[in-house]
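User: Hi! I'm new to protein structures and would like to learn how to read one. Could you walk me through this one?

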Amino acid sequence: MIAAEGSRRDITLMSTADWDHPFWTNKQHVACSLAELGHRVLYVESLGLRPPRLEAQDLRRVFNRLLRCLRPPRRVRERLWVWSPLLIPGAKRPWQQQLNRWILQAMVAFWQRWLGLRADLLWTYNPLTLQVFHPGGYRQLVYHCVDDLAAQPCMPVALIQRWEERLCRASTVVFVTSRELERSRGPFNANTVYFSNVADLAHFLPARGGQLPLPADLQLLPGPRLGFVGAVSAYKLDLALLRQLALQRPDLSLVLIGRVGEGDPGTDLQGLEQLPNVHLLGPRPYSQLPHYLAGCDLALLPCPINPYTRSMFPMKFFEYLAAGLPVVATNLPALQEFGSWEGVSLCSDAKAFLQAVDHWLARRRQGSWQPPELPEAWSYRGRTMAMLEHLQHRQDRWTAPVN
């Protein structure tokens with residue numbers, strides 16, 4: 001349902017992810033949903049939470065940002081534009097922070113005028129937003145907290161925690177994607193509201209029908225195939241558990257799709273790379289992910305339990321279910337309310353994890369597995385509509401923060 005003319009908003013969305021990142025997250029999906037619902041969106045790519053490292057991935061990203069920063073916002077969808085700011089990443093000195101603030105404030109205002117956008121709503125994912133931007137010109141401020149970024153490796157913990165608390169207190173509403181984030185951010189803002197992560201149902205549902213062509217590299221791998229999609233990084237992925245699974249079930253193919261070491265450059269995959277039934281395919285385009293999942297027999301979420309994952313609601317959970325795959329996962333706090341669902345096994349140790357894998361593979365062989373139907377509420381469009389409806393009741397409750 002498209003928003004009525006009088007209720008359409010112009011939204012500046014400040015992301016922590018570049019638009020063209022191979023794995024889309026809340027930021028890109030919410031931006032698309034807002035635009036599909038009739039709102040106009042200026043998507044501001046990642047402002048940088050840490051200084052760049054002298055490694056190929058970071059240097060390539062800096063180079064690409066230099067090429068894009070002086071270009072006008074590019075239109076990527078109807079009512080949706082993407083702009084790349086160039087700031088000093090991880091700025092520590094006061095003059096650097098002041099320069100960043102001046103550049104971002106001036107350029108956002110300039111591009112808003114250039115596109116004819118109003119300052120209705122600032123929707124941010126960046127906990128350092130108030131360090132580099134003053135939202136006083138906006139009618140509303142939303143902080144969409146989807147991760148505990150301070151718990152990621154290599155992050156400036158004290159800086160993020162200080163500015164994130166200020167952002168929570170200043171926001172009209174704080175939307176969070178897990179109960180743990182609700183518990184930890186709630187004391188800073190009484191209007192902290194839980195909406196779990198969801199999935200792009202229309203994108204992944206076609207994987208159920210058995211009609212999608214399988215990628216050539218996947219067809220070369222023997223079945224049964226156990227799939228994982230996401231960052232292949234030690235802080236998100238229990239590498240020891242994966243190794244144990246591969247060793248004890250040598251007849252299975254473990255298919256890992258994702259960039260190695262993203263967010264955790266110390267990730268060491270030597271224990272997995274030497275195993276013949278572990279296949280590291282690297283990142284694949286988002287458009288191809290349903291094709292890869294269509295060729296898997298079940299999906300894995302083997303996550304370690306640590307300060308980051310205790311607050312994490314893996315987006316892959318509903319994507320896997322939408323694709324028609326049973327999910328075998330670590331017993332993450334955010335998933336426990338879904339532990340009784342058909343097709344979901346939450347496991348507290350390696351023995352239970354292996355037993356769950358065997359159980360669902362047996363169900364698949366017997367043909368007794370029927371994937372559950374997922375209602376519209378578990379789609380990005382449905383969740384975005386619910387968040388906007390909640391926000392609609394808060395229009396007159398916000399005053400700009402004083403820096």
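Predicted model: local features only at pLDDT ≥ 70, side-chain atom pairs only at ≥ 80, totals over all residues.

User: Okay. How many helices and strands are there in the protein?

Analyst: The protein has 14 helices and 14 strands. Of its 403 residues, 56% are buried.

User: How do strands hold on to each other in a sheet?

Analyst: Strands of a sheet pair through backbone hydrogen bonds, and they can do so parallel or antiparallel. Here, look for an open sheet of 6 strands with parallel pairing, in the order β11-β10-β9-β12-β13-β14. At the edges sit β11 (278-280) and β14 (344-347), each pairing on one side only. Neighbouring strands of this sheet are turned by 25° against each other on average, ignoring direction. Helix α9 (residues 239-248) packs on the sheet and touches β9, β10 (253-257), β11, β12 and β13 (327-330). The direction of α9 makes about 150° with that of β10.

User: Can we zoom in on one strand? Which strands does β12 join through bridges?

Analyst: On one side, 2 bridges join β9 (residues 225-229) to β12 (residues 298-301), and these strands run parallel. Leu226 has Leu298 as its bridge partner in β12, and Gly227 stands opposite Ala299. Then 3 bridges join β12 to β13, also running parallel. In that pairing, Leu301 stands opposite Ala329 in β13. The chain gets from β12 to β13 by crossing through α12, and this β-α-β crossover is right-handed.

User: Are the faces of β12 covered or open?

Analyst: Both faces are covered. Leu298 and Leu300 on one side are buried, and so are Ala299 and Leu301 on the other.

User: What about charged residues? Is Lys316 buried or exposed?

Analyst: Lys316, in helix α12 (residues 316-322), is buried yet has no salt bridge. A salt bridge needs the side-chain nitrogen and the carboxyl oxygen within 4 Å, and the nearest side chain of opposite charge, Glu319, is 6.8 Å away. Not counting residues up to four places away in sequence, Lys316 touches Phe228, Val229, Gly230 and Leu301.

User: How many salt bridges does a search of the whole structure find?

Analyst: The search finds 15. One of them links Arg169 and Glu165, with the closest N and O atoms 2.9 Å apart. The two are separated by about one helical turn because they sit 4 residues apart in helix α5 (residues 157-170). Arg169 counts as partly exposed, at 49% relative accessibility, and Glu165 is partly exposed too, at 28%.

User: Which residues do salt bridges with shared partners join into one network?

Analyst: That network holds Asp10, Arg40, Arg118, Asp120 and Arg139. Within it, the side chains of Asp120 and Arg118 meet at 2.9 Å, N to O. Asp120 has a relative accessible area of 6%, so it is buried, while Arg118 at 40% is partly exposed.

Terms used: Residues numbered from 1 in each chain as written. Heavy atoms only, no water. Buried < 20%, exposed > 50% of the residue type's maximum accessible area, 1.4 Å probe, protein only. Lys, Arg positive; Asp, Glu negative; His and termini not counted. Contact = heavy atoms within 4.5 Å. Pairing = 2+ DSSP bridges. Axes fitted to C-alpha atoms, helices over the stretch in contact; angles between N-to-C directions. Right-handed = clockwise from strand over helix to strand, strands pointing away.
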